[in-house]
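I opened my notebook to look up a few spots in this structure. Here is what I wrote down as I went along.

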Amino acid sequence: VMFIITGGGSGLGKALAVTLAHRGKSVLIVGRRQKLLEDTASLSPLIQYLTADISTEEGRHLLLHHVHVPYVKALINNAGTIKPISSLKELSSADWQQALNTNVGAPLFLTQMLYDKLQDGRVLNIGSGAAYFAIKGWAAYCVSKAALSMLTKCWQLESKTIAFGSVMPGIVDTDM
């Protein structure tokens, strides 16, 4: 049985990984920054890591091919980006797509890819109050987190064998 946490090298993802490992759970953390992943994995022999950018199809396939267990207890979609912080009139298409790919696309497509391994498991999407309250300059983040909230609700309607939930952790002391 394995728990998978995206964005597991720092912040909330790191704290979740360490907490689960202290409870005797096997954890795979995934992220882009290898040094942070290594540092987190060094805290427990129950934490493994994979360096991959899950905002890309290539990164998601890398994760899928790395998971050699028949069953995943939970997928925690924690990876997220607040960038770009920009006015709407100056927001580039590339930055907009990157935010959506990270904050909405990855949770959707990772869940699809791992669906058979998640039977009777759980998917937890890490949301934000910014999904419900606009913040000047944070349009890409606010919109993508609002979409993630609706994505969670749609999965809840469509899946009978996996429990889907989302949480808004509030203000967390992280680099984000």
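**Notebook: a proline, a salt bridge and a patch**

My first stop was proline 45, which sits in the loop between α2 (34-41) and β3 (47-51). I kept in mind that this is a predicted model.

Is proline 45 buried or exposed? Its relative accessibility is 84%, so I noted it as exposed, given that exposed means over 50%.

Next I looked for salt bridges. How many does a search of the whole structure find? It finds one. The partners are lysine 35 and aspartate 39, and their closest N and O atoms are 2.8 Å apart. Both residues belong to helix α2, and because they are four residues apart there, about one helical turn separates them. Lysine 35 counts as exposed at 54% relative accessibility, while aspartate 39 is partly exposed at 32%.

My last entry is about the surface. Which residues form a nonpolar patch there? I found Tyr132, Phe133 and Met168, which together have about 380 Å² of accessible area. I then picked out tyrosine 132 and located it in the loop between β5 (122-126) and α5 (139-158). Its relative accessible area is 45%, so I wrote it down as partly exposed. That label covers values between 20% and 50%.

How values were computed
Residues are numbered from 1 along each chain as its sequence is written. This is a predicted model: local features need pLDDT of at least 70, side-chain atom pairs count only at pLDDT 80 or more; totals for chains, interfaces and linings use all residues. Side-chain values use heavy atoms; hydrogens and water are left out. Patches are made of residues with over 30% relative accessible area and no salt bridge: like charges are joined within 9 Å, nonpolar side chains (Val, Leu, Ile, Met, Phe, Trp, Tyr) within 5 Å. Accessible areas come from the Shrake-Rupley method with a 1.4 Å probe; for residues, only the protein chains shown count as cover. A salt bridge is a side-chain nitrogen of Lys or Arg within 4 Å of a carboxyl oxygen of Asp or Glu. Helices (H or I, at least four residues) and strands (E, at least two) are DSSP runs, numbered from the N terminus. Buried means under 20% relative accessible area, exposed over 50%, partly exposed in between (1.4 Å probe, protein chains only).
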